[in-house]
Each structure stands twice: as C-alpha cells, then as structure tokens.
Amino acid sequence: MRPPVSRPAKPHLSFRMRPEDLLCPTPRGLFCPPADAYIDPMRPVERAFVTHGHADHARPGNDAVMATPETLAIMAARYGEDFCRTRQSAPYGKTTDVNGVKVSFHPAGHVLGAAQIRLEWKGFRAVISGDYKRAYDPTAADFEVVPCDLFITEATFGLPVFRHPPAEGEIAKLLDSVDLFPERAHLVGAYSLGKAQRLMKLLRMAGWEKPIHLHGAMVRVTETYQALGIDLGETVRVEPKERAKLGGAIVLCPPSALRELWARKFPDPVAVAASGWMRVRARARQKGVELPLVVSDHSDWDELRRTILDTGAEEIWVTHGEEDALVHWCGTSGLKARPLRLVGYGDEGEADETPLEEAAEA
Amino acid sequence: MNRFAFLLDRLSYEPRRNAKIRLMADYFRETPDPERGWALAALTGALSFRHAKPGMIRGLIMERTDPELFAMSYDYVGDLAETVALMWPGETRANRAPPLSEIVEGLHATAKLDLPKRLAAWLDALDETGRWALLKLITGSLRIGASARLAKTAVAALGESHKPDDVELVWPGLVPPYEDLFAWMEGRGERPFADDPAPFRPPMLAHPLEDADFRSFDPQAFVAEWKWDGIRVQASAGKDADGRHVARLWSRSGEDVSGAFPDLVEALTFDGAIDGELLILRDGRVQTFNVLQQRLNRKAVTPKLTAEFPAHIRAYDLLFEGGEDLRELPFSERRKRLEAFVAREANPRVDLSQIVSFEDWDGLAAARLDPASAGAGEDAAAVEGLMVKRHDSPYVVGRPKGLWFKWKHDPMTVDAVLMYAQRGHGKRSSFYSDYTFGVWTEDDEGEKLTPVGKAYFGFTDEELVELDRFVRKNTINRFGPVREVAHEREIGLVLEIAFEGIARSARHKSGVAMRFPRVARIRWDKPPHEADRLESLERLIEERENA
Ligand SMILES: [Zn+2]
Ligand SMILES: [Zn+2]
C-alpha cells in the first residue's frame, strides 16, 4: 500500500548510520548530538529548535532558540520579549547549517507558524513533526509532506475511533444552536492559541458577521494573529459587567473557564467545546459540555497513517499520545516503529487544552 | 434516522429540562408523520426492538477491523456501541440514510439470521451519530436523560393550550406512531378517546436538610415522619369506561413498574392515588432494603418469590380520592383524608406512615439518631432518616423550595484500600470509576487485604480523572474490563468510604455487606497499611445489633 517514493542514493554513506546517532530521546526532550540542540525541550537548554508556540512545546528560558518568525512572535507575546537570549528566525523552507547538520522548517498545518523540523546529516534525513494536521485550516499554512528516512510523529489521536469530521459541519452545529436558543449565550471553550482563531475564521466564512466576544485570556494571542495578517473580523473583549447582556452572542474562552464562576454570569449559557476529544462521549460529558464540536488541531487516525506512508520513512518514532495503537499499525504495515514515551508533551494529550498560562491570564 | 440521532445526541448532553423540551418539540414540529411518532415511541420506551446481542455487533466489527486496534479502542472508549459507531469504516455511503420508520419495520420483518447483514447495511448508510443511536436503540441501552414524561411534555408544547397531563390521560389508549395524538395537539383532529383510570401524577420531592439549616424554622409549622428505605411509588387505581377496575404502580419517574409487583397491584382495589413507599413486610415487620434488593434481583416474578418477599405500601400521602384531586389541599388536610382512607380500606397491603412527634429540633434530632426508641421500634433498621414537611404544604410537582425536607442519617466511614477498578457506565464509560476496596485481615498466610465492597460515586469529576489516572498507572493485572491495582503495605491508594448501613452477609467473602458505600475522600496522604481492619467493621455490626 505504500506509495512509490523514489529514494535518493546515499553516496557519502560509507558506514551504516544509526538514527540514534542523529537523534536521541532524553529527559529534557529529543536531543541532536551533532547539532548540540534539543527539539522542544522540557527544561531550559543552550540551544533549542522549537516546532510551535504551544506551551508544552515552546518554553521560556532557553539560551538560543531557532523557530519560524511566527512562532518567535507568538513566544514573545506569551512570555515577553526576553523569552530567550538569542533568536534565530527560520522561515519555512530555508536551510540553516548548524555544526554540519542541515536544519530546515516546513509547515505542519497545526497552528500559525507551526513547523516540522527537518534535520539532514551525512545523507540521513529525519523529520520531527511536532504537532500536525492535514485538515483545512485558513489560519495556518498547509501541511507539507517532507520525504525522510526517520519520521518522528505525534499520536495524540492515534486510535481508529478518532476521525475528525470537516470543521465546517461542526461550525454549522454551533450556528444551528444559536438559532434554536437565540436568547442564550454560547460559550465556546477552545484552546487560546490556534483553535480559537481557526474557529473565528471559520465562523466568518460561514457568514457570522456579529462581533466575536473573547475571554481575557484569548485577547493577546488573537491580537498577535491579527498583527501577523490573519483577518478575524471584529473581536471584543468581554467586560465582566457586560456578561449579562450577551444573550445570542458567541463567546470564546479557554476550556477551563466553562466551569468557572465567570461563565455563570452569562444569560443561560450553553457550554460548547471544540476539541478532538469531543468525539468520545464520555470525555465530553465528563467535562460538562452541552454542545461538543469535534474540531481538532491534531491529525486524526487516518491523517496519521496517511502521513507516515507519504513521508516514505523506513523508521517511525512516536512521541506522545496513543502511541501503542499507532506503533501496532506500523508493524502490521511493515514499518519499523518505536514509542519514545516522552513525558511532558500534552499529558495524555490534554494539557494542550488547558495550558497553565491561561489560568493565570483568566 | 440521522435527524433523530442528532436529537438524541443533543438530548444526551443537555442538562436543562426546558431546553430538552424545546429540542424535542422542535424535532416534532419539523418531522413528518409517521417518523416523529416512531421517535416518540422510542423516547417513551414504547418500542420493543428485537434486541441485537452485543456478540453480534462485536462480530460485525471484527470482520472489518484489526482485533488489536479494536481492543485498544474499546479500552479507551469503554462502550461497545460507541466504539463500533466510531470505528465503523464508513467510506461507502449510501445515497440516503434509512428513516427510523424503515428501521423499526425492518427489525420486525427481519429474521434473526439475516439481522447482521441488514444491520451492517444500515450502519454503512448512517453517519457516526446515526450509528451510535441505532446501536444503542437495538441493544436496549439508550439512556439520554429524558423521561417519558418529558417527551410527552414536549408533545403537549406543540399545541396552544395543552398541558402534559392531557397527554398523560389519553396515553394508555394510544399506539405508535401516534398520528391521532399529533393531529389533536396541532388542532387538526379530535381528542383521542382513552381516559386512563390509573394515570401517573408527577410526585413532590424533598430537599436534603443539613443539620444547621432549619434551626431558624418554627418547629410548630412542621410535621415529621420516617423516611423508609424502600422504593418511592405511586399507587393509582380506578374504573375505566367499561367499568373494569384498573390499577398501576408507578415509579418516582413515571415508569410503570406494575409488572414487577403483581402481588401488590392485585391488592390495589381502591379508587384513588396514594404516594408511598414500597416495602417488604414479613409478619408486620419492615425488612431492610437488602431484602427488597433480593426480590428486585430476581428476573422472574414467581408465586414463590411473591410469597417469600410480600410487597406492601406504606402510605405517605393521598393525591386523589375517587375523582377528587386533593393536591391543592394543605398537607394536614390530606393527612386526615389519608388516615380515614386507610382505615376504611383496611387493606392488608397498605398501611399508614407513622407521624414522629417532636417538641423542638433537638428532640427531632434525637429521634433521628435513635429511631428505635422514637417509635420505629423493631423496624428501625429500615429507617433511612426523617421527612420533615410543612403542615400547610400543598402537593406540588417537582422539588419546590421550603416545603419538604429529608434529613438522613449521618453516614459511617471506614478507610479502605483500592484493589480493583472497572470501567463505569454512561458518561463515565471511558473512565475506571467502579472501585472495589478492601480492608486488612489476617489469615494463615499473614496480613492481607480482603475486599469488602464496591463504590462508584461520591467523588467529583476532577477526582475521577485523578483516580482514573492512578488506576491506569498502577495496574498490575487485567481481567477483561477489570484492572487489578497495586495494593501493598506501602504502595496503593486509601479511600475513605462512607456508607449508610452494614450487615453480616454470607454471600460476601469478607462476611460483611455495606449499604450505599461511596468515596467520601481520597486519602492520597495515607499509606495503605494505615487503612482499617476487618475487625473494626465487625465491631460496627455488633454495635448496630446491640443498639
Ligand atoms: Zn500543539
Ligand atoms: Zn503537543
């Protein structure tokens, strides 16, 4: 079933390279010894390559950070301009030489600025996907297939039960509900970086013209998006005393805010949540959600499998999520695969949904 | 079917009563006959589908997926119908989704042998919500949190001037797909003729009372009675148009439970409606809930069973007498009517709930702590607490504020160690939420934990997430849906278990059985070896027996 991928000859490969010579999992994160750099390190390091701005991948306090210009802007907005000592901008497609390792960043389709990182050393090519998706998202550059020998993938939704429907249909569900309950406020819990802006853009495309109301924790990152050229229409910060007047409004907030006192001051609020987890009823109900929307920033089962095949990689490492099922599937498809069991990325995938700084900003 | 599935899906998440009614009314308004009538039948539990066995559904999915991936998915989702609905390879969509009416008719017309093929074709043609709803319906495990009563209320909302009780009164004479009912509601037809002589009337419920709550109330304004530990029921009876006597037993939520208690229903020869507690009485003595539970556990209601576990009603209230609606009267008036009614009927299966006299709140508190010396006598073990009602309270549907209160026993507690966990049901189906816990005991091999009960509530949703994570990280063994969790002297989790009662039990290995055990606190701070011992539970039983 694998698509034919022409494999380039490897003339300078005089000995058999092991993938571990280029990359190895450590408690601080994935380490690349020849480049002396960590990818998405969990603790401050001297040199970090950062895939994207989510809190579990991009942390402050590193010495030198290489990332896409958008990710650097997002990190500066979230952590302050001094989030690291030196920044190195890596626009999509540009190759930088780091101690003989060719490093390039390629669109991951996950959130604005999200990248897969490609490392090439002695003819061996590894791609670290970070988080990625292939579904349509008007606020992020489309995922690019990057051929490689070693593909390192996430597996947040790595079970066959996870199939994300087209987001447009989920947006239609929200608008139908607003029609049926026009006097109630619809509070949409969504991760504040990426998911929220994607929803705003999709609402605009579905014809929602009224202002979109934002919880305080959403404002700064939304402004960053707008400053980076994403048009989201009129967005308004929710003032506490205005809440009671927002019947009929669509309000975006961090998922955690749905269950806080803050949410109860709206007129008969409908608790909406947009997340890939909403596909499983028990997960949605456990979070007290009344209108679950299956909208995800991550690849679903079909996208994960398709992408693994598309890269043509012979070896697959799985970083975080439901790695067992994906590793099992790789095995049945004749691919060498191993789970890395890295801890710290989206604790069971859900930390992405409730990052720490949102609680602080709320 | 997809539209109906969408309704079920929304209902299953919607907590608000009024919003549920609106969702259903909206559906009934937009959906033509007979589709909406079959939907109403499904919502009111009036449809009996040919139940597909889980094994058949498992067989269908196994033919279409990798067994290991299915097992991992099922373990994650925790619910068979949902797992199958989500995993079903839905690439080949038919041009149209089958309507509910086609499915209902198809299920009746399809021979058992052909059912898997037929079902697979429907599943191919539906989206995942449709598949979920269909699988839930045909396995008879659809729980969407909307009662039959609520569905009828939504039907009543279609008309301008109809009340839910109007629907309730004609309901027993109707059959799906209820075209005559919808026509009547929409002003296009006559009222269907079918007066129910033994209808359900929604009950009045009480608020829980905390000790400090009511000290400011005037004790003279209230009356107290025992809260018996049985099943709250409504016994409704009267004559139909042909002069035949009809009697029914309704549960609190409006389910007709007559079939489970034929011995009692047969004895309801009066004309009226009583609100009371269903209890097992032997030689005039009220048996504990454990005994009632034994009757409920039996599937077949045989003469032997009814003789061994005779069902009675202890009457709390009189709602109707003859055709007269008493619900507007104050409690004290209704009580006089009830006393006269019970005395006149002299029915050996129906007796009167006793009033507990008290001067002040301290006096009542003493009665609550010691029902045996406050009038309950030998029946005290079946007392669950007190009901405190205002003298002047009318019988109001629902849970009105400030009229009725329930004041339960203080629970007992024990520190026990988590031993096994099992996935829960409903909204907890993807979490390990049923916990078997044990206490320490000693046998020939030394100190060990012996299981003494199971708890599956009492914790918050946040605590459930933590407990689930603990179970997954500390699993030492798997037996189907059950996980054995590490439980050693130093490694394991202590749960503070609260419970309402405790008794000796030959059926349990430990020899004790608790009533309503629940997780009162998670003792993350406590090492397992500090948990309680079996001897302390035995001591509690002795104290109860000697009291
Ligand atoms: Zn991410
Ligand atoms: Zn992540």
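**Exercise 1. The interface of chain B and chain A**

How much area do chain B and chain A bury between them, and what percentage of it is on carbon and sulfur atoms? Describe the contact by residues, polar pairs and elements.

Solution. 

Step 1. The model is predicted. The size of an interface is often given as the accessible area lost when the parts come together. Here, chain B and chain A bury about 3600 Å² between them, and 52% of that is on carbon and sulfur atoms.

Step 2. Count the residues. On chain B, 42 residues are in contact with 36 residues of chain A.

Step 3. Asp9(B) forms a salt bridge with Arg281(A), with the closest N and O atoms 2.7 Å apart.

Step 4. Assign the chain B side to elements. Those that give two or more residues to the side touching chain A are helices H1 (2-13), H2 (17-30), H5 (67-77), H6 (80-87), H9 and H18 (461-473) of chain B. H18(B) gives the most, with 7 residues.

Step 5. Sort that side by class. The side of chain B that touches chain A has 17 nonpolar, 7 polar and 18 charged residues.

**Exercise 2. Helix packing in chain B**

Find the angle at which H7(B) and H8(B) pack, and do the corresponding task for H8(B) and H9(B). Then give the residues that meet.

Solution. 

Step 1. Two packed helices are described by the angle between their axes and the distance between the axes.

Step 2. Helix H7 (residues 100-109) and helix H8 (residues 115-125) of chain B pack at about 170°, their axes 11 Å apart. Angles over 145 degrees count as roughly antiparallel, so H7(B) is roughly antiparallel to H8(B).

Step 3. From H7(B), Glu102(B), Ile103(B), Gly106(B) and Leu107(B) meet Leu115(B), Arg118(B) and Trp122(B) of H8(B). The residues of this contact divide into 4 nonpolar, 1 polar and 2 charged.

Step 4. For H8(B) and helix H9 (residues 128-138) of chain B, the axes cross at roughly 150° and come within 9 Å. By the same cut-off, H8(B) is therefore roughly antiparallel to H9(B).

Step 5. Leu119(B), Trp122(B) and Leu123(B) in H8(B) meet Arg131(B), Leu134(B), Leu135(B) and Ile138(B) in H9(B). By class, the contact of H8(B) with H9(B) has 6 nonpolar, no polar and 1 charged residue.

**Exercise 3. Backbone geometry**

Which residues does a cis peptide bond join in chain B, and which residue of chain A has a positive phi although it is not a glycine?

Solution. 

Step 1. Most residues other than glycine have a negative phi, and most peptide bonds are trans.

Step 2. Asp33(B) and Pro34(B) are joined by a cis peptide bond with omega about -5°. Pro34(B) is in the loop between H2 and helix H3 (35-43) of chain B.

Step 3. Pro176(B) and Pro177(B) are also joined by a cis peptide bond, with omega about 5°. Pro177(B) is in the loop between helix H11 (164-170) and helix H12 (179-185) of chain B.

Step 4. In chain A, Asp268(A) has a positive phi of about 40°. The residue is in the loop between helix H6 (261-264) and strand S16 (270-274) of chain A.

Conventions. Residues are numbered from 1 along each chain as its sequence is written. Chains are lettered from A and ligands numbered from 1 in the order in which they are written. This is a predicted model: local features need pLDDT of at least 70, side-chain atom pairs count only at pLDDT 80 or more; totals for chains, interfaces and linings use all residues. Side-chain values use heavy atoms; hydrogens and water are left out. Axes are lines fitted to C-alpha atoms, for helices over the stretch in contact, and angles run from 0 to 180 degrees between N-to-C directions. Helices (H or I, at least four residues) and strands (E, at least two) are DSSP runs, numbered from the N terminus. Angles under 35 degrees count as roughly parallel, over 145 as roughly antiparallel, 65 to 115 as roughly perpendicular and the rest as oblique. Contact means heavy atoms within 4.5 Å. Ala, Val, Leu, Ile, Met, Phe, Trp, Tyr, Cys and Pro count as nonpolar, Asp, Glu, Lys and Arg as charged, and the others, Gly among them, as polar. Buried area is the accessible area (1.4 Å probe) that two parts lose on being put together, summed over both. A salt bridge is a side-chain nitrogen of Lys or Arg within 4 Å of a carboxyl oxygen of Asp or Glu.
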